[in-house]
Amino acid sequence: MKLNKLLLGAALTGAMALPIAANAAATIVIVNGNAPGVGFNDATPVAPVGGNVGTTLGQQRLIAFQEAANIWGATLNSNVTISVLATMEPLTCTSSSAVLGSAGPLSVWRDFAGVPMPAHWYHGAIADKLFGADLDPGQPDIRARFNSNLGQPNCLAGSPFYLGLDTNHGTAIDLVTVLLHEFGHGLGFSNVTNGSTGAQLAGFPSMWDPFLYDLSLNKNWEQMTQAERQSSGINGRKVVWTGNNVTALTPSVLTLGTPRLAVTAPANLLGDYLVGAASYGPAIAAPGVSGTVMPISTDGCAPLSAANALAVKNNIALIDRGVCGFTIKVKNAQDAGAIGVIIADNVAGTPPAGLGGADPSITIPSARITLADATLLRTALKTRSRTSSALKVNLGVNPNQLAGADTAGRVMMFTPSPYQSGSSVSHWDTSATRNLLMEPSINGDLTHSVNAPEDLSKALLTDLGW
Amino acid sequence: MKALSIAAALLLASGVAQADPIFTEDFDDITTLAGDGWALINNSTAGGQTSWFQGNDGVFSAYEGSDNSYIAANFLNAGAGGQISNWLITPLLTLNEASYLTFYTRRNDSEFFDSLEVRFTTSDSINVGSSANDVGDFTSMGMVEVLLAGADYPLDWVQVRVTFGDIGFGNGRIALRYVVDNTDLNGDYIGIDSLTVGVPEPTSLAVLGLGVFGLLAARRRARV
């Protein structure tokens, strides 16, 4: 037996250890890495919220951590205690976006005794389980960081962490959900092979790679050259997870019907185009809306002129992204009589991201398409009249395809172009419906379950050997 | 196979023997026009996204033939707020005083109005000037003008007929000119199909004079 270990990050020295044991089939221990007075040690008094009985901010944070540890612990089986070194600290954020947290293994291992697949890197926690003992006694297995500034004016203003345990987070960000997500990365839900460069870690593939399959190259990541992995990492919605446990449970989790823009005329543009779904308005569903696509001559941020209103009335409006929020554009088109809206991205990249925002008065469907697709489709619009064009579409679903899976029912991974460091390859694609815990962004409708039929996180870990 | 409209035939019933057309164009494929001697000149300011283009059956279908077998122009001939002057000029033709031009045209249904002129020059010229206001060699005494404009522009395919009379003798070119003054306020989409130039026997033309034209309401025909 050859024992190989690679340290991925330096453990904090002098960390205050505060073990929290989950009463479950696996024991997850939280190591409080915060200094006195901050993070988990913040003594600011708080009122109980949503079943969280802590009386200080730090206590409530730790109780939320214990809740997440309990949920994962009840799901996993291991005789070896899993140790998570956790801190709450300032992470990247702006007034409108924030890194909620990050996590990964502190060490990875290969070729230990009992390893199911030699010559592949395993995350520390799963390596311990498979080895049957702690390969690295005294050292944490997972490093996790969470944003301590969330909700402050320059950090996703108005959306702080919700510390309750009952998922009633309203417009706040549910901390337990974020913890479950980040613990998932630490437990195995992340690739050790570099998705940006395609480089393997120290010349060996990770356990992730045999399951990561590219539909364009018809190879998994282990079978590819480094250059092929690099291109696969940005092959939007063309990379799927082939593990049997995930695939078997996928029909019970994902909804049948994949949103898409089907062009039905003209003949030279026929086909299905990728869309990013909207978080407001009616969900794209069968039979969808069918009609003629008509562009407008403005950014759509003001009520439409008579000419633009005439163009979109009873038609599907094509509006460029930019200047104002998506809901404003869609509402203006709706007010002018449009039956649907296509937002054309204004920056290159694929697949199209979703459309954020909220406006309960929006009643027509809308979706985003890529800049490249928009440019292509516009060729059919030059010869339009004021009221009609040659571009006929259906904004609806492929009824035979699970939302977020390929036509063979395998869940798609998040592989946007350009590459998103920290997100690409190690998440499910954002098109998954219902929403999954391990998508790159936290959706408001997630439960605290990591199992089918609510979620596929545990199924993927099972594929990896958990 | 094309059929002349009954209305047009009635106009000719004043003793003029019907002759075979000397020239026909059905606009089945407008990429062949230049090779056949046509000139397509978009003099609009500022320049737009389009010039004359193959008909778009997503707006309306051709008078006859396959759905897109007509030639069309639209408000995008000029940029936003621009002035459209878009010329479609026939090859050089030899005419007599009995010669006539027929074509079918229609517009799209909106309050953004289009206009179309028919002009003529008695030379082998395609000089239309250099700006949207210019008409070049198409403005002299040789001009025959049909102006379809505003709400009078038909909403369904209608045959337009132009006769040339005395000015038709000799060589010349006929121009169809799509004109819009300001694309912020006017201009939509027009189509032109089944253009014919005929030269009947010039013996009994007493009833036809200079500049006589007919715009006759023809019902839309089933496509062949």
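Visitor: At roughly what angle do the axes of helix α1 and helix α3 of chain A cross?
Guide: In this predicted model, helix α1 spans residues 57–75 of chain A and helix α3 spans residues 175–187 of chain A. Their axes come within 9 Å of each other, and they cross at roughly 50°.

Visitor: Are α1(A) and α3(A) parallel, perpendicular or oblique to each other, and what is the handedness of the crossing?
Guide: Angles under 35 degrees count as roughly parallel and those from 65 to 115 as roughly perpendicular, while the two axes cross at roughly 50°. The helices α1(A) and α3(A) are therefore oblique to each other, and their crossing is right-handed.

Visitor: Which residues of α3(A) are met by α1(A), and how many residues of the contact are nonpolar?
Guide: From α1(A), the residues Ala64(A), Phe65(A), Glu67(A), Ala68(A), Ala69(A), Ile71(A) and Trp72(A) take part, and they meet Leu175(A), Val176(A), Leu179(A), Leu180(A), Phe183(A), Gly184(A) and Leu187(A) in α3(A). By class, the contact of α1(A) with α3(A) has 1 charged and 1 polar residue, and the number of nonpolar residues is 12.

Visitor: Where in chain A does Pro351(A) lie, and is the peptide bond from Thr350(A) to Pro351(A) cis or trans?
Guide: Pro351(A) lies in the loop between β18 (340–344) and β19 (366–369) of chain A. The peptide bond that leads from Thr350(A) into Pro351(A) has an omega near -5°, and its form is cis.

Visitor: What is the omega of the peptide bond from Ala452(A) to Pro453(A)?
Guide: Pro453(A) is placed in the loop between β20 (392–402) and α9 (457–464) of chain A. The bond joining Ala452(A) to Pro453(A) is cis, with omega near 10°.

Visitor: Is Leu156(A) buried or exposed?
Guide: Leu156(A) is found in the loop between β7 (142–147) and β8 (161–162) of chain A, and although it is not a glycine, its phi is positive, at about 50°. Buried means under 20% relative accessible area; at 17% relative accessibility, Leu156(A) therefore counts as buried.

Visitor: What is the relative accessible area of Arg237(A)?
Guide: Arg237(A), found in the loop between α4 (226–232) and β12 (239–241) of chain A, has a positive phi of about 55° although it is not a glycine. This arginine is buried, and the relative accessible area of Arg237(A) is 9%.

Visitor: How many strands does chain B have, and what percentage of its residues are buried?
Guide: Chain B has 1 helix and 14 strands. Among its contacts between residues at least 6 apart in sequence, 83% join residues at least 24 apart. Of the 224 residues in chain B, the buried ones make up 54%.

Notes:
Residues numbered from 1 in each chain as written. Chains lettered and ligands numbered in written order. Predicted model: local features only at pLDDT ≥ 70, side-chain atom pairs only at ≥ 80, totals over all residues. Heavy atoms only, no water. Helix = DSSP H or I, 4+ residues; strand = E, 2+ residues; numbered from the N terminus. Buried < 20%, exposed > 50% of the residue type's maximum accessible area, 1.4 Å probe, protein only. Contact = heavy atoms within 4.5 Å. Axes fitted to C-alpha atoms, helices over the stretch in contact; angles between N-to-C directions. Parallel < 35°, antiparallel > 145°, perpendicular 65-115°, else oblique. Left-handed = near helix turned anticlockwise from the far one by under 90°. Nonpolar A, V, L, I, M, F, W, Y, C, P; charged D, E, K, R; others polar.
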